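Please keep the 3D view open as you read.

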Amino acid sequence: TEMHSTLPDIVANLSLPIDHKRVSRFNISRANVWEGAVRGFKRSTYSESCDMLVRFTNDAGIYEEGIDTGGPRREFLSLLMKHLKDRPIFDGPKGHQFLVYNANAVREDEYFLAGKMIAVSVVHGGPGPHFLSEDLVHYLAGQPSFKPTVNLITDEEIGKALQEIENAASLDALQECIMRHSTMLQTADCLRHVAAVEEKKEVVAEYLRWYIIDRNSSVIDRFKDGLSALEFLTALQQHPTLLTPVLCHFEKQFTGFELETLFKPKLSPSGSNRRLKESLTLAYWADYLLDCEEGEAAVSVENILMFATGLTSLPPSGLEPLPQIEFLDDSPFPMANTCSNLLKLPLLDSYSVFKSQMDFGIQNSPGFGCL
């Protein structure tokens, strides 16, 4: 039931059918994440119930070291969700996008692919897309609440016409307005005789429903087919309250304090000289996170999370293994192992040096600048 489940539980259940003995391979160049992803997902041997093995080939064409036990996969899925929102299959304002018909994308079966990519990302421990309109997601989840507003419409002329209808102050003005825009309303099958000025709300609501859902219903259905991978669509319909935020935009920024509590330090024995150095470094780390949050450092809190885990926000599945901090004697720069969610901090003598080395190390990591 909706009452007793948590989001990580739901995702853990959905991931049970994944066979960790078999892999689907993805060879990804950071310079063109989308094309590599499409090749991988369209491979005839690809199966969403296989583990994903992601290998980034860096720009010089050399394979980056490290077998994938999660880090490269999470980073790939993060980058993929970011690329997805710029595809021509979506329209609408930033963070509130809905599906639109695009003939080329229909030929390429991109709607199915996009739905499948989202289901796979969430169930395989990556992020959700966080950019779909609530109205589209409510519709996908089979919920009746459909309350779109005129500002979802990016077409200026249509937006202006609807605004005029909404602003009509009298019945005469409304009737005149409806006549003037009769062709547009006729297309959506919502041209009608109005007998009261209040009816303007229904006219606008009907048009919006046609604009966002009805005229795109064939591609929405294909997107749903893709979203059905790994039973994700079924889960969305069963647990709409928990899963809707995974697909929709949310304002909440990840804070430095949340990051600090997320990473547990591995400390030397109490009273040792090394422990004193580690404690000092943890104070630098806490201050550095505050600087990142307040815009006083060269990187953001999201950049640090990406550096350490391959993700810019916490995934619906929760983070496995639990993030940890270790300390470095032999490097002045931070290091990370995104597979084990391990961040290694340098032991340095002053905060100013710590800060500049952190900035430099994170800005020069492979995933930086791809966000």
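## About the model

This is a predicted model, in which local features need pLDDT of at least 70, side-chain atom pairs count only at pLDDT 80 or more, and totals for chains, interfaces and linings use all residues. Residues are numbered from 1 along each chain as its sequence is written, and side-chain values use heavy atoms, leaving out hydrogens and water.

## Helices α15 and α17

Take α15 (residues 273-293) and α17 (residues 351-363): they pack at about 60 degrees, with axes 10 Å apart. Helices here are DSSP runs of H or I with at least four residues, numbered from the N terminus. Axes are lines fitted to C-alpha atoms over the stretch in contact, and angles run from 0 to 180 degrees between N-to-C directions. That angle makes α15 oblique to α17, oblique being what is left after under 35 degrees (roughly parallel), over 145 (roughly antiparallel) and 65 to 115 (roughly perpendicular).

On the α15 side, Thr281, Tyr284, Trp285, Asp287, Tyr288 and Asp291 meet Tyr351, Phe354, Lys355, Met358, Asp359 and Ile362 of α17, with contact meaning heavy atoms within 4.5 Å. By class, this contact has seven nonpolar, one polar and four charged residues.

## The largest pocket

The largest pocket has a volume of about 1,000 Å³. A pocket is an open set of points on a 1 Å grid where a 1.4 Å probe fits, with protein on both sides within 12 Å along at least five of seven lines; lining residues have an atom within 4 Å of a point.

Its lining has 32 residues, with His130, Phe250, Lys252, Thr312 and Ser313 nearest the centre. Helix α3 (71-84) is among the helices that each supply at least two lining residues, and α3 gives the most, with three.

Conventions:
Nonpolar A, V, L, I, M, F, W, Y, C, P; charged D, E, K, R; others polar. Points joined across faces, edges and corners; volume = space filled by probe spheres on them.
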